[in-house]
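Visitor: I would like to go through this model with you. Where shall we begin?
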Amino acid sequence: MTPAGPGGKHGAMAGSIREMLEELEERTLHPRAARSAASRGRAREEAPDEERPAFQRDRDRLLHSKAFRRLAGKTQVFLAPRGDHYRTRLTHTLEVAQVARSVARALRLNEMLVEAMVMGHDLGHTPFGHAGERLLSEVVPGGFHHVVQSVRVVDVLENDGAGLNLTAEVRDGILRHSKGRGNVLLSGTGQKALTLEAEIVRIADIVAYVNHDLDDAIRAGLFGEGDVPAGIRSVLGDARGPRFGTLVHDVIRHSDVDGGGHIEMSPEVHGALLALREFLYARVYENPVVHDEFVKAQRILRDLWTWCLEDPARLAQRFAVAPRPGEAVERAVTDWLSGMTDRFALATWEALFFPRPWGLV
């Protein structure tokens, strides 16, 4: 009789599916790739899963979290867009995952690890995109950054306050992804990521957002494809598909994985990528038309912040928002506001501040 496969009883007797998948990683991944079986582990020790290696287990936990589902209702750039094709934080996350997995597969690094990192990288983002983050960074004691909040979401807030207990590698990838207008590559001086996979996610994030934010801006009529500076187009391409192809291929070709180096880009393509990011800051993120809507969104969050802190007892009674033991009420309000979708923030503001008609019907 032919032995059953890994899903049958004969395969199960020889070892678990997880062990089979871990052995497959050992045989097929690059020597510098992160291995599930060699993970630095979790803050709280857990028994291994029978079917899923550690990074797959993390990916699944993130995918099924409430914070992940709320990404569908959080704006990427354009606030409350009327069209159905503008990006949200959820579609952004899926596009980052596609880029990151393409690079990881070509370099024989751990695709499941990069996907887990991507699924969690924006869970701490506020409603109303970067406008919301800027407002919270002004009013929250000690400031606010979505990266730190993303880690708090997975460590503390999810799973009814127990957290997701993710591996150290996935948490590190979430922490390392954000750049703002800073360095894209992690090959210079400074604190390094634990894995090459985290370096991939950091680059994949900007590759995805410069392309889809440009696409959304053109759809919104802010400018046309031909308005992108010729120097950028000559290097990256004249359309979304060629740009993606150029950027992904360049990362794959220039990353020094075999030689012990980092995930890299060529100076020419890297320079064009940074130039495109600056173009988007000037023509989209700081565009007066977009900025005016940012100001409105920030007013909504500022009003909600003020209302919450005026009377913590009222806040707890009406919305069941109260600080965790040992934490200040400002921390609870920060968690609540940053977790809101755009729609919920608007509805809450209207319920608190918008006058309702009075009288008999």
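Predicted model: local features only at pLDDT ≥ 70, side-chain atom pairs only at ≥ 80, totals over all residues.

Visitor: Which residues of α2 are buried?
Guide: They are Arg 18, Glu 22 and Glu 25, where buried means under 20% relative accessible area with a 1.4 Å probe, protein chains only. Seen down the axis of α2, these buried residues fall within an arc of 55° (taken from the directions from the helix axis to the C-beta atoms), so they line one face of the helix.

Visitor: Changing topic, at what angle do α6 and α10 pack?
Guide: Helix α6 (residues 111–120) and helix α10 (residues 196–219) pack at about 50°, with their axes 9 Å apart.

Visitor: And which residues make that contact?
Guide: Leu 113, Val 114, Met 117 and Val 118 of α6 meet Glu 197, Ala 198, Ile 200 and Val 201 of α10; contact means heavy atoms within 4.5 Å.

Visitor: Is Arg 243 buried or exposed?
Guide: Arg 243, in helix α12 (residues 240–254), counts as buried because its relative accessibility is 2%.

Visitor: What does Arg 243 touch?
Guide: Not counting residues up to four places away in sequence, Arg 243 touches Asn 211, Leu 214, Glu 225, Leu 236, Gly 237, Asp 238 and Leu 276. Asn 211 is 32 residues from Arg 243 along the chain, and their C-alpha atoms are separated by 7.5 Å.

Notes: Residues numbered from 1 in each chain as written. Heavy atoms only, no water. Buried < 20%, exposed > 50% of the residue type's maximum accessible area, 1.4 Å probe, protein only. Helix = DSSP H or I, 4+ residues; strand = E, 2+ residues; numbered from the N terminus. Axes fitted to C-alpha atoms, helices over the stretch in contact; angles between N-to-C directions.
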